Amino acid sequence: MSLFGNAHTIDPAKAQQDYARLLGQGEQIHAAYLLVRDSILFTDRRLILVDKQGITGKKVEYRSVPYRSITQFSVETAGTFDLDAELNIWVSGNPVPLQKTFTKGVDIYEVQAILAQFVSR
């Protein structure tokens, strides 16, 4: 699942309000990123991938990945000709990684550090 376009951070407090229906009792969003229409939310319990589908974006898939199911992840930084950075996340039981593409609007090292913090718990 790869996304293109300008990516940027979302204020965690705003994401907390916007996605309150998805969160468990007491669950807190620590970081959030917007990738065109889709979002990635890092909570204190799990990673939530929000995938708006179709032309109108009314159909939405919410994928919840508990940090304990993440077996490994990698980041690939942007290069001279390839301006996008990539995040790959392998989830136990699935040999194909989840892929997210970030443009230079997001610090991929920050994303990697946040993921490392939660996965290593």
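Buried means under 20% relative accessible area, exposed over 50%, and partly exposed in between, with a 1.4 Å probe and protein chains only. The model is predicted, so local features need pLDDT of at least 70 and side-chain atom pairs count only at pLDDT 80 or more, while totals for chains, interfaces and linings use all residues. Residues are numbered from 1 along each chain as its sequence is written, and side-chain values use heavy atoms, with hydrogens and water left out.

Helices (H or I, at least four residues) and strands (E, at least two) are DSSP runs, numbered from the N terminus. Two strands pair if DSSP finds at least two bridges between them.

Strand 2 covers residues 29–35, and five of its seven residues are buried. Strand 2 pairs with strand 3 (residues 38–43) in the antiparallel sense, over six bridges. Within this pairing, A31 has F42 of strand 3 as its bridge partner. The two strands form a hairpin with two residues between them, and V36 in the turn has a positive phi of about 55°.

Strand 3 is largely enclosed by the rest of the structure, because six of its six residues are buried. D38, I40 and F42 point one way from strand 3, while S39, L41 and T43 point the other way. On to strand 4: strand 3 pairs with strand 4 in the antiparallel sense over four bridges. The bridge partner of I40 in strand 4 is L49. Strand 3 and strand 4 also form a hairpin, with two residues between them.

**Nonpolar cores**

A nonpolar core is a set of buried Ala, Val, Leu, Ile, Met, Phe, Trp, Tyr and Cys residues joined through side-chain atoms within 4.5 Å. The largest such core has 22 residues, and those with the most contacts inside it are Y33, F42, L47, I89, F102 and V111. Two or more residues come from each of strand 2, strand 3, strand 4 (46–53), strand 7 (85–91), strand 8 (98–102) and helix 2 (108–119). Helix 2 gives the most to this core, with five residues. A second, separate core has nine residues, including I10, L23, A32 and I48.

L47 can be taken as a case from the largest core. Leaving aside neighbours within four places in sequence, L47 is in contact (heavy atoms within 4.5 Å) with I40, L41, F42, R63, S64, V65, Y67 and I89.

**Aromatic pairs**

Rings of Phe, Tyr and Trp (its six-membered ring) pair if their centres lie within 6.5 Å; planes under 30 degrees apart count as stacked, over 60 as edge-to-face and the rest as tilted. By this rule the count comes to three aromatic pairs. Y33 and F102 form an edge-to-face pair, at 6.3 Å centre to centre and 90° between the planes. Y33 lies in strand 2 and F102 in strand 8, so this pair ties together parts that are 69 residues apart in sequence. Y33 and F102 are both buried.

The rings of Y67 and F118 have centres 4.9 Å apart and planes at 10°, so this pair is stacked. Y67 sits in the loop between strand 5 (59–66) and strand 6 (70–76) and F118 in helix 2, 51 residues apart. Y67 counts as buried at 5% relative accessibility, and F118 is buried with a relative accessible area of 3%. Ring pairs also link Y33, F42 and F102 into a cluster.

**Salt bridges**

A salt bridge is a side-chain nitrogen of Lys or Arg within 4 Å of a carboxyl oxygen of Asp or Glu. A search of the whole structure finds three.

| Salt bridge | N to O distance |
|---|---|
| D18 and K14 | 2.9 Å |
| E27 and R46 | 2.8 Å |
| R63 and E61 | 3.6 Å |

D18 and K14 both lie in helix 1 (residues 12–18), four residues apart, about one turn of the helix. D18 is partly exposed at 46% relative accessibility, and K14 is partly exposed at 45% relative accessible area.

E27 counts as buried at 3% relative accessibility, and R46 is buried with a relative accessible area of 17%.

R63 is partly exposed, with a relative accessible area of 28%. E61 is partly exposed, with a relative accessible area of 28%.
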